[in-house]
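Here's a quick briefing to read alongside the model.

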Amino acid sequence: MKISTIVVLGAGSAGLMAALTMKRKLPHLTVRVVRSPDIGIIGVGEGTTTAFPRHFFEYLKMKPRDFYQEADPTWKMGIRFLWGPREKFFYTFSLEFERRVPELPRNNGFYYTDEYPWLGNASAYMAQNKVFPRRPDGLPQFHNNHAFHVENKNLVAWLENRCRENDVEITDATVKPELGGEGIAALVAEDGRRINGDLYIDASGFRSELLGRALQEPFMSYDDALFCDRAVIGGWHRTNEPILPYTTAETMDSGWAWQIEHENFINRGYVYCSRFISDDAALEEFLRKNPQVTTTPRMVKFRSGRYRRHWVGNVVGIGNSAGFVEPLEATALQVICVEASTLADGLLDSMCETNPSMIKLYNRYNSDQWDDIRNFLAVHYKFNTRLDTPFWQACRNDTALHAAEEIVEFYIDNGPSVLAGVTLVHPSNSFRMDGFVAMLVNQKVPHKKRYEVSPAEREIWRNHCLRLEAEARRAMTVKEALEAIRGPGGKVAWIIRRD
């Protein structure tokens with residue numbers, strides 16, 4: 001299949017990210033986005049992972065200052081979990097559990113205690129509500145171990161501007177697919193226009209107009225591991241609350257709640273399972289625990305799972321049209337980055353002349369990405385002992401771990417060792433063994449490998465934690481960092497350098 005024209009159905013974050021990726025990496029291609037005037041933009045706070053800045057600022061070489069100026073992001077160091085038996089714990093992007101203090105014989109996971117709920121710089125900064133070191137000139141010292149919080153509408157606006165700058169055509173039309181040839185022959189508009197492409201990217205969201213509805217690709221449910229199927233969403237305008245440098249994930253009676261930090265708005269959502277709580281009861285719990293909510297709450301239904309294949313004929317599904325899991329680890333935009341980059345890399349490598357073996361490889365790789373996320377989230381549910389409600393009893397008793405079963409078995413036998421990570425966790429798994437160990441240790445899952453920490457080792461660890469705390473106290477808050485990069489009128493004046 002020789003590809004010279006790509007048509008993207010959908011102009012949300014998935015469609016625009018895919019279109020921009022294709023055009024930046026393969027500028028000779030004609031890339032056209034079809035945007036339905038009947039479908040608005042979902043106004044929801046987005047959390048990202050470090051895959052997002054890597055994709056745009058390193059892989060696509062986009063200008064960070066444009067993003068800061070137009071999308072108004074705040075920084076995210078990780079997730080604060082109100083989860084399991086600990087009062088709280090911090091999950092970072094910095095692989096802190098597998099690291100080792102040079103003077104100590106074991107990796108950090110063997111020394112971690114409730115006394116100091118941090119292991120490295122990232123978690124220490126989160127514990128002090130700080131984000132970046134303070135340079136001598138008063139500017140923040142940026143690093144690569146952060147992600148973003150961003151409002152979806154702002155993200156889409158920034159993406160659309162970058163698409164237009166890179167000669168991506170955006171067409172407003174309500175279309176229906178016409179089957180034929182390799183899968184889709186054309187998208188036919190209501191006025192009779194035919195929009196033709198060699199390759200169609202389905203970014204139509206949960207509707208999955210091309211991959212799911214038109215081509216009838218089978219959907220593989222994750223409901224044996226992920227029980228939640230709805231969310232109620234609301235928020236309030238920030239008053240005197242500090243801008244926290246992390247997403248919060250809080251255990252609720254029949255699911256969990258997120259809190260995403262924007263500069264002037266706090267976005268809150270309750271993800272729940274309709275088998276254990278009614279919509280009305282979920283809304284009541286949400287409002288009772290969040291009396292600050294001023295926006296009108298809205299409810300979203302979803303199903304967790306993926307389509308069996310993501311590339312079928314001349315159609316590639318990206319984003320929610322290919323699969324979805326709840327945003328417990330903020331993987332939605334991460335997956336889009338992976339799907340878009342692997343597609344672009346495949347087209348580059350094949351000189352835009354694809355073949356069955358490449359499509360098979362693409363499907364395997366991206367299916368593994370989705371399954372890895374399911375397995376990681378299953379560990380969150382299986383071992384959360386914070387509440388004893390019927391929902392959480394069912395999670396502990398019935399959650400299927402799938403491929404994470406072997407990882408848990410190794411942990412139970414060997415404790416927070418990461419030695420088997422290269423064997424048990426595929427190199428493409430973004431969470432690595434460190435992520436699984438972090439969740440198992442922080443949820444106090446018992447294990448058999450009792451390591452007796454000597455008094456000398458305990459003192460070395462204590463001094464390590466105190467040094468981290470002292471450094472974190474000197475660091476900048478999110479508000480201070482935002483003020484530092486802005487000039488008169490609130491414009492981003494300092495060009496962001498990522499050291």
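Asp72 is partly exposed, at a relative accessible area of 37% (buried is under 20% relative accessible area, exposed over 50%, partly exposed in between, with a 1.4 Å probe and protein chains only). This is a predicted model, where local features need pLDDT of at least 70, side-chain atom pairs count only at pLDDT 80 or more, and totals for chains, interfaces and linings use all residues. Residues are numbered from 1 along each chain as its sequence is written, and side-chain values use heavy atoms, with hydrogens and water left out.

**Positive phi**

- Asp72 isn't a glycine, yet its phi is positive, at about 50°.
- You'll find Asp72 in the loop between α3 (64-71) and β4 (74-76); helices (H or I, at least four residues) and strands (E, at least two) are DSSP runs, numbered from the N terminus.
- Lys444, also not a glycine, has a positive phi of about 55°.
- Lys444 sits in the loop between α13 (432-442) and α14 (455-473), and it is partly exposed at 40% relative accessibility.

**Helix α14**

- Buried in α14 are Glu457, Trp461, His464, Cys465, Leu468, Glu469 and Ala472.
- Down the axis of α14, these buried residues fall within an arc of 135°, so they line one face of the helix (the arc is that of the directions from the helix axis to the C-beta atoms).
- The buried residues of α14 pack against α4 (121-127), contact meaning heavy atoms within 4.5 Å.
- Pro455, Ala456, Arg467 and Arg473 are exposed on the other side of α14.
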